[in-house]
Number of protein chains: 2
Amino acid sequence: MQKAVIIVAGGSGQRMGAPGPKQFIEIAGKPILMHTLEAFYRWDAGIEIILVLPESQKTTWENLKKTYSFNLPHKIAFGGKERFHSVKNGLGLLSPEVRLVGIHDGVRPFPSKETITACFEKAAEYGAAIPVINVNDSLRKAEGENSVAVNRDAYKLVQTPQCFKKEILAKAYEQQYQAHFTDDASVVEALGYSIQLTEGNPENIKITRPVDLAIAEALMDKTAF
Amino acid sequence: MQKAVIIVAGGSGQRMGAPGPKQFIEIAGKPILMHTLEAFYRWDAGIEIILVLPESQKTTWENLKKTYSFNLPHKIAFGGKERFHSVKNGLGLLSPEVRLVGIHDGVRPFPSKETITACFEKAAEYGAAIPVINVNDSLRKAEGENSVAVNRDAYKLVQTPQCFKKEILAKAYEQQYQAHFTDDASVVEALGYSIQLTEGNPENIKITRPVDLAIAEALMDKTAF
């Protein structure tokens, strides 16, 4: 089945304390976002890649592509007010023959081949699948002024790509935006679909804090990507 | 007030796939556990350090101390069946003048000075404090066969040191062991004390998976510890 990935790169770099958007920060010789696109192209050179960028970053991206001689084929959609609207814009550019769609964070350059494969395979079978990993630390939940220990074994940390049959995803994104739509699974879930969990890889971190840059450099060095 | 830290090093290295205990794996030129002891000694050279080790690892530790010319003062207690029993053994070695006690994972070599200070200060004021950080990924909770998205903003990831007034901790550890005692806060909480949260540092990771070793090496290089 023809597959596509919508890579959402909307960050401003605020939490990073960086002067520019965090997806353009260089690690191991090129911007994070290029590593992310390459991860999917390396997985399957036939995948359709749609990159969602804030309109204000289009020129920067075009210039970076020239600077780094980056020429992986991809379409560009513009970001919207919330992630929800950005993904919706990306959906509008899908080729008609696409049957399965992954949605992925632009600042997650390290999804493993196994993570991507497992997610698309389970989405093909069940309609909706997302990669998760175990919680490695103890976990507490706020309750009013206090907090209580909860059983971390009942919880999973969610990564991307989040993968879906196209018709389910398209239908889900016809809903009105709601504030609790924090990821694509929650949008699809609101339609009543259940979400299958697949095994993610611990390297597949979201680069959001300054410390994540040091970690990302290390992962780039040590991992066979 | 006189302070002590009980450093619990009970790991077997199973999840790491390493041949020996993970706390003895070398990063940046010496075993992880030595970095951990140094973090507290650097914070306050007057702190009493009690290291809890499985009895079977005592000779290895003595040999490693010679190999690396490691001579930070510390007492050694032996580990018990569960973490609970290990901590209890450590408590038995506290000097009478100690008033505040931190309990720390042996495989967390990167608590910042700010993290340690904030935790001990709040424990001095309120009796019990633990460092926490935000959850960076989406979070799901298992519900029967399925899972549901939960609001990650209501949750915190718990680190160590977990700090307490000695009399509270001693009383808490007189309780019978229960399976839900997953960290020291949960033991103290079972007595009815409320736990204060302080800000942890994201570098303060628990080294348990192979990927954490690469991350730890990077943090060692890039962070001013």
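Buried area is the accessible area that two parts lose on being put together, summed over both. I begin with that term as it is needed for the first topic, the meeting of the two chains. Please keep in mind throughout that this is a predicted model.

Let us start with the interface. Chain B and chain A bury about 3,400 Å² between them, and 55% of that area lies on carbon and sulfur atoms. Which residues of chain B lose the most area to chain A? They are B:Asn136, B:Arg140 and B:Tyr155, which together account for 20% of what that side buries. In terms of contacts, 42 residues of chain B touch 42 residues of chain A.

How are the two copies related? In general, two copies of a chain are related by a rotation about an axis and a shift along it.

I turn now to the packing of helices, beginning with chain A. Helix α1 of chain A, residues 32-43, packs against helix α2 of chain A, residues 58-67, at an angle of about 75°, and their axes are 11 Å apart. Angles from 65 to 115 degrees count as roughly perpendicular, and α1(A) and α2(A) are therefore described in that way. On the α1(A) side, the contact is made by A:Leu33, A:Met34 and A:Leu37, and on the α2(A) side by A:Trp61, A:Leu64 and A:Lys65. By class, this contact has 5 nonpolar residues, no polar ones and 1 charged one.

In chain B, α1(B) and helix α2, residues 58-67, also pack at about 75°, with axes 11 Å apart. This makes α1(B) roughly perpendicular to α2(B). From α1(B), the residues in contact are B:Leu33, B:Met34 and B:Leu37; from α2(B), they are B:Trp61, B:Leu64 and B:Lys65.

Helix α1 of chain B has a further partner. With helix α4 of chain B, residues 113-126, α1(B) forms an angle of about 70°, and the axes are 10 Å apart. These two helices are therefore roughly perpendicular to each other as well. Is the crossing of α1(B) past α4(B) left-handed or right-handed? The crossing is right-handed. From α1(B), B:Ala39, B:Phe40, B:Arg42 and B:Trp43 take part; they meet B:Lys113, B:Ile116, B:Thr117 and B:Phe120 of α4(B). The residues of this contact divide into 5 nonpolar, 1 polar and 2 charged.

Finally, I wish to point out some features of the backbone. In chain A, the peptide bond from A:Thr160 to A:Pro161 is cis, with omega near 10°. Where does A:Pro161 sit? Its place is in the loop between β10 (155-158) and β11 (162-165) of chain A. In chain B, a cis peptide bond joins B:Thr160 and B:Pro161, with omega about 10°, and B:Pro161 is found in the loop between β10 (155-158) and β11 (162-165) of that chain.

A last residue deserves a mention. A:Ala28 is not a glycine, yet it has a positive phi of about 45°. You will find A:Ala28 in the loop between β2 (26-27) and β3 (30-31) of chain A.

Thank you for your attention.

Methods. Residues numbered from 1 in each chain as written. Chains lettered and ligands numbered in written order. Predicted model: local features only at pLDDT ≥ 70, side-chain atom pairs only at ≥ 80, totals over all residues. Heavy atoms only, no water. Axes fitted to C-alpha atoms, helices over the stretch in contact; angles between N-to-C directions. Helix = DSSP H or I, 4+ residues; strand = E, 2+ residues; numbered from the N terminus. Parallel < 35°, antiparallel > 145°, perpendicular 65-115°, else oblique. Left-handed = near helix turned anticlockwise from the far one by under 90°. Contact = heavy atoms within 4.5 Å. Nonpolar A, V, L, I, M, F, W, Y, C, P; charged D, E, K, R; others polar. Buried area = accessible area lost by both parts, 1.4 Å probe.
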